[in-house]
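Okay, everyone, thanks for coming. Let me put the sequence and the structure up, and then I'll walk you through a few spots.

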Amino acid sequence: MDTARLNRFVSGLWDDEIVPQLVEYIRIPNKSPMFDPKWVEHGHMDAAVKLMENWARGKLAALPGATLEVVRLDGRTPLIYIEVPGTGEDTVVLYGHLDKQPEMTGWAEGLGPWTPVLKGDKLYGRGGADDGYAIFGSLAALLALREQGVQHARCVIMIEACEESGSYDLPFYVDHLADRIGNPSLVVCLDSGCGNYDQLWLTTSLRGMTGGELTVQVLEEGVHSGDASGVVPSSFRILRELLSRLEDPQTGTIKPKELYVEIPAQRIEQARRSAEVLGTAVYDKFPFVDGMHPVTEDLTELVLNRTWRPQLAVTGVDGMPPLESAGNVLRPKTSVKLSLRVPPTLSGAKAGQFVKELLEKDPPYGAKVSFKLEKDGSGWNAPQLSPWLEQAVATASQNYFGTPAAYMGEGGSIPFMGMLGEKFPKAQFLITGVLGPHSNAHGPNEFLHIPTGKKVSMVVADVVARHYEQGAKG
């Protein structure tokens, strides 16, 4: 395979077609169902599916025998399913998603979630990097192989539409399409991150997640704070006390030992190497306010905190009026949205049930306490790379990034990986992505680093070609 020719082909396709398509995709506010319960009526998800479907159908003519179907199971988000015939009996699955996180506040002037803006090598807007580019990058890789007549195995591309809601629809599609998917020997996922934009990063693990709504109610209605304070316990104070059962308020350390696992020695060593490669970029990629510093200066510990240890975030609050209308009232209740990341090998369902029991038992002062579980996704720990894949990744990183590949766990979740890991225990996994420093998925000013998107597409093409070569060797 001519790597320079592949580079020219993929770069040209990105510049001429993929970036313009992503510009239009960013304009569509196709929020995941958890954030838009009326997604069917609003039609934005269908609009995003149609945009991708139309472009993909236009490219399939160059891939003889390729087919595309938008699969729709009753009451569920749609799924784009593409089959590209190949040589041999092996199958490669390439995965991504098209649903988006909600708007979030704090976008810089001139930027916005549904306002695509090109600034140099960056395309700003919601969903381009997380991860609307996946279907385009996957097809670009296969088209590049076809353009050179390079053989590859049969490929299946699956683009789901509820990943940001926990992929609750995906198991039904995987079961529905099981006979058509087959038994893949390689799974490629483009929904992950990268430690920097200078080299290829492979994701070795993903944390799971549980969480939901914690509500503390002390009164039927609000009352004068001067009359009630000192008599009626504050719902906010009780909520703080309950959260302290779970999290040390001084250090942020999760207290219960039931929410930890033993970290494999290989992952600790990979964390150490990642810390050496990244240096202070482990933390200075975040937009700290002046004078702020991370929880520790030990870079390896920061990597392990982010990838293998449980951590809590309060992502929303209810029951509190805006500051401008906050009178002297002891409020009747306080609710918060909790997001608890759990270690890759810990059951998300068991963790969620444990947290529910922990928070609801023995409520202080007899307050009305409820924890409504909303998420229970387990994480994923990658199987050891086969020698051929480790070598393929090393070669591809040198070919297109000019530097060695790096390995690191990710703090986020991709439910599909755990599901496929269970269904196809013998498959190899190539998990990578374009979410690098400051790309800020889920937050304001999200961007796609276009050169990295191009290089990741080239890597996928290279690895898929080498996968076929390995299969031909038996």
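So, the lining of the second largest pocket: the residues there split into 12 nonpolar, 7 polar and 3 charged. Keep in mind that this is a predicted model. The space in that second largest pocket comes to about 440 Å³. There are 22 lining residues, and the ones closest to the pocket's centre are Thr204, Gln270, Arg273, Glu390 and Tyr407. Which elements give two or more residues to this lining? They are β8 (201-206), α9 (265-278), β16 (406-410) and β17 (428-435). Helix α9 provides the largest share, 6 residues.

Leaving out residues up to four places away in sequence, Gln270 touches Thr204 and Tyr407. Is Gln270 buried or exposed? Its relative accessibility is 12%, so Gln270 counts as buried, the cut-off for buried being under 20%.

Now the annotation. The UniProt record, which is an unreviewed entry, has "domain: Peptidase M20 dimerisation" over residues 205-363. In the model, that stretch is 36% helix and 21% strand, and its end C-alpha atoms lie 36 Å apart.

Cysteines next, for anyone thinking about disulfides. How many are there by the distance rule? The count is 0. For Cys162, the nearest cysteine sulfur belongs to Cys189, and it is 14 Å away. Cys189, in turn, has the sulfur of Cys194 as its nearest, at 13 Å.

As background, most residues other than glycine have a negative phi, and most peptide bonds are trans. Here, the peptide bond from Asp130 to Asp131 is cis, with omega near -25°, and Asp131 is in helix α4, residues 128-148.

Then we have two positive phi values. Tyr365 isn't a glycine, yet its phi is about 60°. You'll find Tyr365 in the loop between α12 (348-360) and β14 (368-377), and at 58% relative accessibility it counts as exposed. Asn445 isn't a glycine either, and its phi is positive too, about 65°. Asn445 is in the loop between β17 and β18 (447-449), and it is partly exposed, with a relative accessible area of 21%.

That's what I had, so over to you.

Note on methods. Residues are numbered from 1 along each chain as its sequence is written. This is a predicted model: local features need pLDDT of at least 70, side-chain atom pairs count only at pLDDT 80 or more; totals for chains, interfaces and linings use all residues. Side-chain values use heavy atoms; hydrogens and water are left out. On a 1 Å grid over the protein atoms alone, a cavity is a set of points where a 1.4 Å probe fits but cannot get out, and a pocket is an open set with protein on both sides within 12 Å along at least five of seven lines; lining residues have an atom within 4 Å of a point. Grid points are joined across faces, edges and corners, and a volume is the space filled by probe spheres set on the points. Helices (H or I, at least four residues) and strands (E, at least two) are DSSP runs, numbered from the N terminus. Ala, Val, Leu, Ile, Met, Phe, Trp, Tyr, Cys and Pro count as nonpolar, Asp, Glu, Lys and Arg as charged, and the others, Gly among them, as polar. UniProt positions are given in the numbering used here, feature names are shortened, and annotations may be inferred rather than shown by experiment. A disulfide is a pair of cysteine sulfur atoms within 2.5 Å. Buried means under 20% relative accessible area, exposed over 50%, partly exposed in between (1.4 Å probe, protein chains only). Contact means heavy atoms within 4.5 Å.
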